[in-house]
Every structure is written in C-alpha cells, then in structure tokens.
Amino acid sequence: QVMRIPQGYSFKLGAAIPETWLTAFQLLHLVAKINETDTVLIHAAGSGVGTAATQLCRIAGATVIATAGSDEKLEKAKELGALFCFNRKEGAWEEKVLEVTNGKGATVILDCIGYPYVPQNLQAIARDGRWILYGLMGGVKEEKEFQVNLRTILMKRVQLLASTLRARSIEYKADLVTKFITHTSERLKSGELKPIIDKHSFTLDEIQQAHEYLLQNTSLGKVIVSVRESKM
C-alpha cells in the first residue's frame, strides 16, 4: 500500500495522489473497464476523484462529459480533457447528455452523488451502460421512500456496480497500487497527468476550518492538510 512520491514532487503534491487517484483508477479500469469507445459521465468533476478521473479517461481515449456546480470547476474539467461540461444548477443536464450523444447516452457513469441523481442517471445512461456508484454525497433516503424504476434498468440492461476502496483487503490494495504505478508513473513524472490541489490548504491545527471549507462545496481538486511544514 506504500507508494513512492514521483520524482520532482513535493510531499504536498504527492499527498494529492492517494487515495484520490487510486479511487479513480479503480473505478475506471478495474470496475468499469473503460476503453476508447466509451463516453464517461463524471459527476462532481471538480472534486479530487473527478479531476483525476477526467485525466485518466483522456489518456484512455474515452470521451468525457462532466457535471459540476460552478463554471470554475467546469473550466478546469475542460482544461483536463472533458469534451462536454454542464452546470448541474443550470437546467436538465441529463437531457444535454442525450443531446451531445445523439440520443445514445453515456456508456459509463461515475456517480458519487447517489439518491438525488437516480432518475437523471437512468435517463442519461446508454443501453448496456455501467453505472458506477462510489459515494452518497446527496444523502441517504429511507428504503420506503426510495423507488428505482426497475423496468428502465431492465430494458436498458443497465449494470449498477457499487465500489468502495478503504474497506478492501490489504492484498487488493497492494495489487491496485502496483497496477496504478505501472499505468501512470511515467505520466505523473512527465506532467501528462497531474494532481489538482485546491488553492486553500490547511495545517493540522486548522482541521476544523478545513472541514468547514469542504462543507461549502467550493473546493476544486484535493484539499491538503499538512502535519508540519516541509521544504520538500
């Protein structure tokens, strides 16, 4: 589970790789098994996982559609390789996904939102699409209030795949790290891939402020908390 900091990286930049990039790599390559024919819809594209996933899709040759809640986050997504970017606060993004895919929809959805996006995801996903659920940022509803249109899932042959990382076995994580390093180490070193760090960073003494900042949902990329100052 141990990774070397890439050559030329500071400790701060190196800290932005796991587990953000390992999560994105796992979702795309071990769970969804993306390839160059895929159109990947990435929710929360301005997050640490979102910014990593966008870049990993780019080098895999997949088309990226990004959603986020601010123009700043969408501009960064486009800079990192997203072809289409939609502000979730400005109209029905699911209809826009269908529009830019000529009615076919996204073949892969990376979803860390959960419940609030269920109807939209079902509309935006393609037949035989892989819906990868890896978070519940939108909250959890009681089962009696939660209704999924099973008919749509069946008729579209949707694969709903849920994944976590922290609870995985040590053996799984070790294998994931090895595969990730093989796939990305030279690209991280050259700058072809780059961790995105938010403009605000914190010390360990400021951990409460860091949590309060995250709750504002304005961060872009990974928010770093330093245990101590380092010149490296």
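**A helix and the pairs beyond**

Modeller: In helix α2, the buried residues are Thr20, Trp21, Leu22, Thr23, Ala24, Phe25, Gln26, Leu27, Leu28, His29 and Val31. Buried means under 20% relative accessible area, exposed over 50%, and partly exposed in between (1.4 Å probe, protein chains only). Helices (H or I, at least four residues) and strands (E, at least two) are DSSP runs, numbered from the N terminus. This is a predicted model, in which local features need pLDDT of at least 70 and side-chain atom pairs count only at pLDDT 80 or more, while totals for chains, interfaces and linings use all residues. Residues are numbered from 1 along each chain as its sequence is written, and side-chain values use heavy atoms, with hydrogens and water left out.

Helix α2 covers residues 20–31. Because 11 of its 12 residues are buried, α2 is largely enclosed by the rest of the structure. Its length can be checked as well: at 1.5 Å a residue, the 12 residues should span 16 Å, and the end C-alpha atoms are 16 Å apart, which agrees. The expected span is 1.5 Å times one less than the number of residues.

The loop between α2 and β1 (39–42) holds aspartate 38. Aspartate 38 forms a salt bridge with arginine 130, and their closest N and O atoms are 3.0 Å apart. A salt bridge is a side-chain nitrogen of Lys or Arg within 4 Å of a carboxyl oxygen of Asp or Glu. Arginine 130 lies in strand β5 (residues 125–133), so the pair links distant parts of the chain, 92 residues apart. Both partners are buried: aspartate 38 has a relative accessible area of 4%, and arginine 130 has 14%.

A search of the whole structure finds 8 salt bridges. One of them joins aspartate 175 to lysine 179, with the closest N and O atoms 3.0 Å apart. These two residues are 4 residues apart in helix α8 (residues 170–190), which means about one helical turn separates them. Aspartate 175 is partly exposed at 36% relative accessibility, and lysine 179 is partly exposed at 37%.

Helix α8 also carries lysine 189 and glutamate 186, 3 residues apart and separated by about one helical turn. Their side chains meet in a salt bridge of 3.6 Å, N to O. Lysine 189 is partly exposed at 41%, whereas glutamate 186 counts as exposed at 53%. Elsewhere, Lys76, Glu79 and Lys194 are linked in a network of salt bridges.
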